[in-house]
Amino acid sequence: MNDEPISSTLNTPVPEFESTLRPRSFEDFVGQEKVRERLELACEATAQRSDVLDHVLLSGPPGLGKTTLAYIIADGLGVAVKSTSGPVIDKPGDLAGLLTSLERGDVLFIDEIHRLQKNVEEYLYSAMEDFAIDIMLDQGANARSVRLDLQRFTLVGATTRSGLLSAPLRSRFGITNRLDYYTAEQLTSIVHRSAGILGIAIDAGGAGEIAARARGTARIANNLLRRVRDYAQVRADGKITREVADQALQMLEIDKYGLDDMDKRILECILHKFQGGPVGLGSLAVAVGEETETLEDVYEPYLIQEGYLTRTPRGRVATELSYKRFGLKSNAGGRADDETLDL
(Lines give C-alpha, C1' and ligand atoms only; values in the text may rest on other atoms or scores of the structure.)
Protein backbone atom coordinates (compact mmCIF):
# COMPACT_ATOMS: atom_id res chain seq x y z
CA MET A 1 0.00 0.00 0.00
CA ASN A 2 1.30 3.50 -0.73
CA ASP A 3 2.17 6.03 1.95
CA GLU A 4 -0.47 8.59 1.04
CA PRO A 5 -2.85 9.54 3.89
CA ILE A 6 -6.04 7.52 3.82
CA SER A 7 -9.14 9.55 3.00
CA SER A 8 -12.81 8.77 3.16
CA THR A 9 -15.42 8.99 0.45
CA LEU A 10 -16.58 12.24 2.04
CA ASN A 11 -13.19 13.83 1.33
CA THR A 12 -12.42 14.02 5.04
CA PRO A 13 -8.70 13.25 5.40
CA VAL A 14 -7.52 10.98 8.16
CA PRO A 15 -5.11 12.93 10.43
CA GLU A 16 -1.49 12.46 9.41
CA PHE A 17 -0.70 11.02 12.84
CA GLU A 18 -3.33 8.32 12.46
CA SER A 19 -2.27 7.60 8.89
CA THR A 20 1.35 7.20 10.00
CA LEU A 21 0.75 4.98 13.00
CA ARG A 22 -1.86 2.68 11.51
CA PRO A 23 -0.39 -0.74 10.68
CA ARG A 24 -0.68 -1.41 6.96
CA SER A 25 -0.38 -5.20 6.99
CA PHE A 26 -1.37 -8.16 9.13
CA GLU A 27 2.29 -8.65 10.06
CA ASP A 28 2.48 -5.15 11.60
CA PHE A 29 -0.80 -5.48 13.50
CA VAL A 30 -0.14 -6.23 17.18
CA GLY A 31 -2.63 -8.23 19.25
CA GLN A 32 -6.02 -9.71 18.39
CA GLU A 33 -4.20 -12.87 17.31
CA LYS A 34 -7.23 -15.05 16.62
CA VAL A 35 -9.08 -12.34 14.72
CA ARG A 36 -5.98 -11.47 12.74
CA GLU A 37 -5.31 -15.11 11.86
CA ARG A 38 -8.88 -15.72 10.67
CA LEU A 39 -8.96 -12.59 8.53
CA GLU A 40 -5.51 -13.18 7.05
CA LEU A 41 -6.46 -16.75 6.14
CA ALA A 42 -9.71 -15.61 4.53
CA CYS A 43 -7.94 -12.90 2.51
CA GLU A 44 -5.23 -15.27 1.33
CA ALA A 45 -7.73 -17.94 0.27
CA THR A 46 -9.88 -15.35 -1.52
CA ALA A 47 -6.89 -13.96 -3.38
CA GLN A 48 -5.81 -17.44 -4.49
CA ARG A 49 -9.27 -18.07 -5.94
CA SER A 50 -9.39 -14.61 -7.54
CA ASP A 51 -12.74 -14.32 -5.75
CA VAL A 52 -14.46 -11.63 -3.68
CA LEU A 53 -14.25 -11.81 0.10
CA ASP A 54 -17.44 -12.36 2.09
CA HIS A 55 -18.83 -9.38 3.98
CA VAL A 56 -17.06 -8.78 7.30
CA LEU A 57 -18.48 -7.48 10.58
CA LEU A 58 -16.04 -6.17 13.22
CA SER A 59 -17.41 -5.37 16.65
CA GLY A 60 -15.95 -4.26 19.95
CA PRO A 61 -15.17 -1.17 22.03
CA PRO A 62 -13.74 1.92 20.32
CA GLY A 63 -10.02 2.28 19.70
CA LEU A 64 -9.14 -1.39 19.25
CA GLY A 65 -8.36 -1.37 15.53
CA LYS A 66 -11.57 -2.02 13.59
CA THR A 67 -10.88 0.73 11.06
CA THR A 68 -7.26 -0.32 10.76
CA LEU A 69 -8.26 -3.92 10.04
CA ALA A 70 -10.64 -2.76 7.31
CA TYR A 71 -7.78 -1.08 5.46
CA ILE A 72 -5.49 -4.05 6.08
CA ILE A 73 -8.12 -6.35 4.57
CA ALA A 74 -8.23 -4.20 1.44
CA ASP A 75 -4.45 -4.17 1.28
CA GLY A 76 -4.31 -7.95 1.69
CA LEU A 77 -6.74 -8.36 -1.20
CA GLY A 78 -5.00 -5.76 -3.33
CA VAL A 79 -8.17 -3.71 -3.83
CA ALA A 80 -9.35 -0.16 -3.16
CA VAL A 81 -11.26 0.85 -0.04
CA LYS A 82 -13.91 3.53 0.36
CA SER A 83 -14.86 4.66 3.82
CA THR A 84 -17.89 6.31 5.37
CA SER A 85 -19.95 6.05 8.56
CA GLY A 86 -23.52 5.12 9.38
CA PRO A 87 -24.77 8.53 10.62
CA VAL A 88 -23.49 10.29 7.48
CA ILE A 89 -25.65 8.29 5.06
CA ASP A 90 -28.99 10.09 5.36
CA LYS A 91 -30.91 8.64 2.42
CA PRO A 92 -30.79 5.69 0.04
CA GLY A 93 -29.45 7.88 -2.75
CA ASP A 94 -26.25 8.50 -0.77
CA LEU A 95 -25.72 4.77 -0.42
CA ALA A 96 -26.51 4.15 -4.09
CA GLY A 97 -23.83 6.62 -5.09
CA LEU A 98 -21.25 4.78 -3.03
CA LEU A 99 -22.24 1.33 -4.23
CA THR A 100 -22.29 2.18 -7.93
CA SER A 101 -18.77 3.65 -7.73
CA LEU A 102 -17.23 0.37 -6.50
CA GLU A 103 -15.18 -1.87 -8.75
CA ARG A 104 -15.13 -5.66 -8.50
CA GLY A 105 -13.67 -6.79 -5.18
CA ASP A 106 -13.47 -3.29 -3.66
CA VAL A 107 -14.03 -2.82 0.07
CA LEU A 108 -16.75 -0.51 1.34
CA PHE A 109 -16.08 0.31 4.99
CA ILE A 110 -19.01 1.63 7.07
CA ASP A 111 -18.08 2.69 10.59
CA GLU A 112 -20.76 2.71 13.29
CA ILE A 113 -22.94 0.66 10.98
CA HIS A 114 -25.55 0.18 13.70
CA ARG A 115 -26.49 3.86 13.29
CA LEU A 116 -27.70 3.49 9.69
CA GLN A 117 -31.18 4.83 8.98
CA LYS A 118 -33.74 2.04 8.64
CA ASN A 119 -34.61 2.86 5.02
CA VAL A 120 -30.90 2.98 4.13
CA GLU A 121 -30.24 -0.34 5.86
CA GLU A 122 -32.96 -2.03 3.83
CA TYR A 123 -31.20 -0.97 0.63
CA LEU A 124 -28.13 -2.82 1.85
CA TYR A 125 -29.95 -6.15 2.00
CA SER A 126 -30.20 -6.66 -1.75
CA ALA A 127 -26.82 -5.01 -2.33
CA MET A 128 -25.07 -7.44 0.02
CA GLU A 129 -26.95 -10.54 -1.11
CA ASP A 130 -27.79 -10.02 -4.79
CA PHE A 131 -25.34 -7.22 -5.65
CA ALA A 132 -28.16 -5.14 -7.03
CA ILE A 133 -30.32 -2.24 -5.83
CA ASP A 134 -33.77 -1.10 -6.85
CA ILE A 135 -34.23 2.63 -7.46
CA MET A 136 -37.71 4.15 -7.41
CA LEU A 137 -38.40 6.73 -10.12
CA ASP A 138 -41.23 9.25 -10.03
CA GLN A 139 -44.08 9.03 -7.54
CA GLY A 140 -47.71 8.03 -7.37
CA ALA A 141 -49.25 6.38 -10.45
CA ASN A 142 -46.09 7.00 -12.50
CA ALA A 143 -43.77 5.37 -9.98
CA ARG A 144 -41.60 2.61 -11.31
CA SER A 145 -38.63 0.63 -10.09
CA VAL A 146 -35.31 0.34 -11.90
CA ARG A 147 -32.81 -2.33 -10.89
CA LEU A 148 -29.13 -1.42 -10.98
CA ASP A 149 -26.61 -4.23 -11.04
CA LEU A 150 -23.52 -3.74 -8.89
CA GLN A 151 -20.01 -5.07 -9.05
CA ARG A 152 -19.33 -7.76 -6.45
CA PHE A 153 -17.85 -6.00 -3.44
CA THR A 154 -16.96 -6.63 0.21
CA LEU A 155 -18.75 -4.68 2.90
CA VAL A 156 -16.76 -4.27 6.11
CA GLY A 157 -18.95 -2.98 8.91
CA ALA A 158 -17.66 -1.78 12.27
CA THR A 159 -19.80 -1.31 15.36
CA THR A 160 -19.28 -0.57 19.02
CA ARG A 161 -22.79 -1.80 19.84
CA SER A 162 -23.44 -5.03 18.00
CA GLY A 163 -26.67 -5.58 19.96
CA LEU A 164 -28.26 -2.69 18.07
CA LEU A 165 -27.76 -4.38 14.69
CA SER A 166 -30.94 -5.80 13.23
CA ALA A 167 -31.07 -9.56 12.71
CA PRO A 168 -31.51 -9.30 8.89
CA LEU A 169 -28.40 -7.14 8.56
CA ARG A 170 -26.29 -9.23 10.92
CA SER A 171 -27.18 -12.46 9.12
CA ARG A 172 -25.81 -11.13 5.83
CA PHE A 173 -22.25 -10.94 7.13
CA GLY A 174 -20.34 -14.09 6.29
CA ILE A 175 -17.42 -13.27 8.63
CA THR A 176 -17.98 -11.84 12.10
CA ASN A 177 -15.27 -11.06 14.63
CA ARG A 178 -15.19 -9.30 17.97
CA LEU A 179 -12.12 -7.39 19.09
CA ASP A 180 -11.16 -7.52 22.77
CA TYR A 181 -9.04 -5.26 24.96
CA TYR A 182 -5.27 -5.54 24.65
CA THR A 183 -2.97 -6.88 27.34
CA ALA A 184 -0.31 -4.66 28.91
CA GLU A 185 2.40 -6.57 27.02
CA GLN A 186 0.68 -6.01 23.68
CA LEU A 187 0.19 -2.32 24.41
CA THR A 188 3.85 -2.03 25.37
CA SER A 189 4.78 -3.37 21.91
CA ILE A 190 2.37 -0.89 20.31
CA VAL A 191 3.90 2.01 22.27
CA HIS A 192 7.42 0.97 21.25
CA ARG A 193 6.36 0.73 17.60
CA SER A 194 4.64 4.13 17.64
CA ALA A 195 7.57 5.74 19.44
CA GLY A 196 9.93 4.41 16.77
CA ILE A 197 7.78 5.82 13.97
CA LEU A 198 7.48 9.23 15.66
CA GLY A 199 11.16 9.36 16.64
CA ILE A 200 10.52 9.40 20.38
CA ALA A 201 13.23 8.18 22.77
CA ILE A 202 11.60 5.79 25.23
CA ASP A 203 12.84 2.95 27.41
CA ALA A 204 11.08 -0.23 28.48
CA GLY A 205 9.94 1.29 31.78
CA GLY A 206 8.37 4.31 30.10
CA ALA A 207 6.55 2.20 27.52
CA GLY A 208 5.32 -0.16 30.22
CA GLU A 209 4.02 2.72 32.34
CA ILE A 210 2.03 4.18 29.45
CA ALA A 211 0.69 0.75 28.47
CA ALA A 212 -0.44 -0.01 32.03
CA ARG A 213 -2.62 3.12 32.08
CA ALA A 214 -4.03 2.88 28.56
CA ARG A 215 -7.24 1.06 29.56
CA GLY A 216 -6.44 -1.85 27.26
CA THR A 217 -6.95 0.36 24.19
CA ALA A 218 -4.41 0.99 21.43
CA ARG A 219 -5.80 4.40 20.51
CA ILE A 220 -5.53 5.61 24.11
CA ALA A 221 -1.97 4.27 24.33
CA ASN A 222 -0.96 6.30 21.26
CA ASN A 223 -2.71 9.40 22.59
CA LEU A 224 -0.98 9.08 25.96
CA LEU A 225 2.35 8.61 24.21
CA ARG A 226 1.94 11.97 22.49
CA ARG A 227 1.05 13.72 25.73
CA VAL A 228 3.95 12.15 27.61
CA ARG A 229 6.24 13.13 24.74
CA ASP A 230 5.21 16.77 25.20
CA TYR A 231 5.96 16.56 28.92
CA ALA A 232 9.34 14.92 28.35
CA GLN A 233 10.27 17.52 25.74
CA VAL A 234 9.49 20.51 27.98
CA ARG A 235 10.22 19.28 31.51
CA ALA A 236 12.69 16.44 31.07
CA ASP A 237 15.59 15.64 28.77
CA GLY A 238 13.32 14.47 25.96
CA LYS A 239 13.56 10.78 26.85
CA ILE A 240 10.55 8.97 28.28
CA THR A 241 11.50 6.91 31.31
CA ARG A 242 9.21 5.30 33.88
CA GLU A 243 9.62 8.30 36.17
CA VAL A 244 8.92 10.83 33.42
CA ALA A 245 5.87 8.88 32.22
CA ASP A 246 4.54 8.65 35.78
CA GLN A 247 4.91 12.40 36.33
CA ALA A 248 3.26 13.23 33.02
CA LEU A 249 0.33 10.88 33.61
CA GLN A 250 -0.17 12.22 37.12
CA MET A 251 -0.43 15.69 35.60
CA LEU A 252 -3.11 14.28 33.29
CA GLU A 253 -4.93 12.90 36.39
CA ILE A 254 -4.52 9.30 35.27
CA ASP A 255 -3.55 7.23 38.29
CA LYS A 256 -1.40 4.11 38.44
CA TYR A 257 -4.47 1.91 37.97
CA GLY A 258 -5.43 3.67 34.72
CA LEU A 259 -8.40 5.51 36.25
CA ASP A 260 -8.96 9.01 34.91
CA ASP A 261 -10.94 11.88 36.40
CA MET A 262 -14.32 10.68 35.08
CA ASP A 263 -13.71 7.12 36.28
CA LYS A 264 -13.11 8.47 39.77
CA ARG A 265 -16.19 10.70 39.61
CA ILE A 266 -18.34 7.72 38.64
CA LEU A 267 -17.02 5.53 41.43
CA GLU A 268 -17.13 8.33 44.01
CA CYS A 269 -20.73 9.05 43.06
CA ILE A 270 -21.80 5.43 43.48
CA LEU A 271 -19.89 5.04 46.75
CA HIS A 272 -21.06 8.26 48.41
CA LYS A 273 -24.28 9.53 46.83
CA PHE A 274 -25.78 6.07 46.31
CA GLN A 275 -24.10 4.24 49.19
CA GLY A 276 -22.40 1.77 46.89
CA GLY A 277 -25.47 1.03 44.75
CA PRO A 278 -27.44 -0.33 43.16
CA VAL A 279 -28.09 2.75 41.03
CA GLY A 280 -29.74 3.01 37.62
CA LEU A 281 -27.77 4.17 34.60
CA GLY A 282 -29.98 7.23 34.09
CA SER A 283 -29.61 8.41 37.69
CA LEU A 284 -25.86 7.88 37.56
CA ALA A 285 -25.57 9.84 34.30
CA VAL A 286 -27.43 12.80 35.78
CA ALA A 287 -25.32 12.71 38.93
CA VAL A 288 -21.99 12.86 37.06
CA GLY A 289 -23.21 15.12 34.24
CA GLU A 290 -22.57 12.71 31.37
CA GLU A 291 -24.68 11.05 28.68
CA THR A 292 -25.93 7.53 29.37
CA GLU A 293 -24.48 6.27 26.07
CA THR A 294 -21.04 7.61 26.98
CA LEU A 295 -21.12 5.95 30.38
CA GLU A 296 -22.27 2.65 28.93
CA ASP A 297 -19.93 2.55 25.92
CA VAL A 298 -16.79 4.37 27.11
CA TYR A 299 -16.41 4.11 30.88
CA GLU A 300 -18.38 1.13 32.13
CA PRO A 301 -16.67 -1.59 30.03
CA TYR A 302 -13.27 -0.83 31.53
CA LEU A 303 -14.59 -0.42 35.08
CA ILE A 304 -16.47 -3.72 34.83
CA GLN A 305 -13.55 -5.53 33.22
CA GLU A 306 -11.18 -4.35 35.95
CA GLY A 307 -13.62 -5.35 38.67
CA TYR A 308 -14.70 -1.94 39.99
CA LEU A 309 -18.38 -2.27 39.02
CA THR A 310 -20.96 -4.97 38.48
CA ARG A 311 -24.27 -4.78 36.66
CA THR A 312 -27.32 -6.20 38.38
CA PRO A 313 -31.03 -6.19 37.45
CA ARG A 314 -31.46 -3.31 39.90
CA GLY A 315 -28.55 -1.23 38.64
CA ARG A 316 -24.81 -0.63 39.01
CA VAL A 317 -23.07 -1.74 42.22
CA ALA A 318 -19.57 -0.89 43.42
CA THR A 319 -17.39 -3.89 44.23
CA GLU A 320 -15.05 -4.48 47.14
CA LEU A 321 -12.17 -3.40 44.90
CA SER A 322 -13.75 0.05 44.52
CA TYR A 323 -13.91 0.48 48.28
CA LYS A 324 -10.30 -0.67 48.58
CA ARG A 325 -9.00 1.62 45.83
CA PHE A 326 -10.63 4.66 47.44
CA GLY A 327 -9.57 3.78 50.97
CA LEU A 328 -13.10 3.01 52.15
CA LYS A 329 -14.66 0.18 54.07
CA SER A 330 -17.93 -1.48 53.17
CA ASN A 331 -20.35 -2.87 55.69
CA ALA A 332 -22.77 -5.75 55.25
CA GLY A 333 -25.34 -3.44 53.71
CA GLY A 334 -22.93 -2.29 51.03
CA ARG A 335 -22.78 1.31 52.35
CA ALA A 336 -19.53 3.21 52.32
CA ASP A 337 -18.15 4.61 55.56
CA ASP A 338 -17.90 8.37 55.63
CA GLU A 339 -14.15 8.70 55.15
CA THR A 340 -11.94 10.92 53.09
CA LEU A 341 -11.10 9.41 49.74
CA ASP A 342 -7.46 8.54 49.24
CA LEU A 343 -6.90 9.29 45.55
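## Basis

Contact means heavy atoms within 4.5 Å. Helices (H or I, at least four residues) and strands (E, at least two) are DSSP runs, numbered from the N terminus.

The model is predicted: local features need pLDDT of at least 70, side-chain atom pairs count only at pLDDT 80 or more, and totals for chains, interfaces and linings use all residues. Residues are numbered from 1 along each chain as its sequence is written, and side-chain values use heavy atoms, with hydrogens and water left out.

## Helix 4 against helix 5

P92, L95 and L99 of helix 4 touch N119, V120, Y123, L124 and A127 of helix 5. Seven of these contact residues are nonpolar, one is polar and none is charged. Here Ala, Val, Leu, Ile, Met, Phe, Trp, Tyr, Cys and Pro count as nonpolar, Asp, Glu, Lys and Arg as charged, and the others, Gly among them, as polar.

## Helix 8

Helix 8 spans residues 204-212. Its buried residues (under 20% relative accessible area, 1.4 Å probe, protein chains only) are G205, G206, A207, E209, I210 and A211. They pack against helix 7 (184-198), strand 8 (201-202), helix 9 (218-235), strand 9 (239-240) and helix 10 (242-251).

At the helix start, a side-chain oxygen of D203 comes to within 3.2 Å of the backbone nitrogen of G205.

## Whole chain

The chain holds 14 helices and 11 strands. Of its 343 residues, 46% are buried. Take contacts between residues at least 6 apart in sequence: 65% of them join residues at least 24 apart.

Notes. Buried < 20%, exposed > 50% of the residue type's maximum accessible area, 1.4 Å probe, protein only. Polar contact = N/O pair within 3.5 Å; in protein donor to acceptor, adjacent residues only side chain to side chain.
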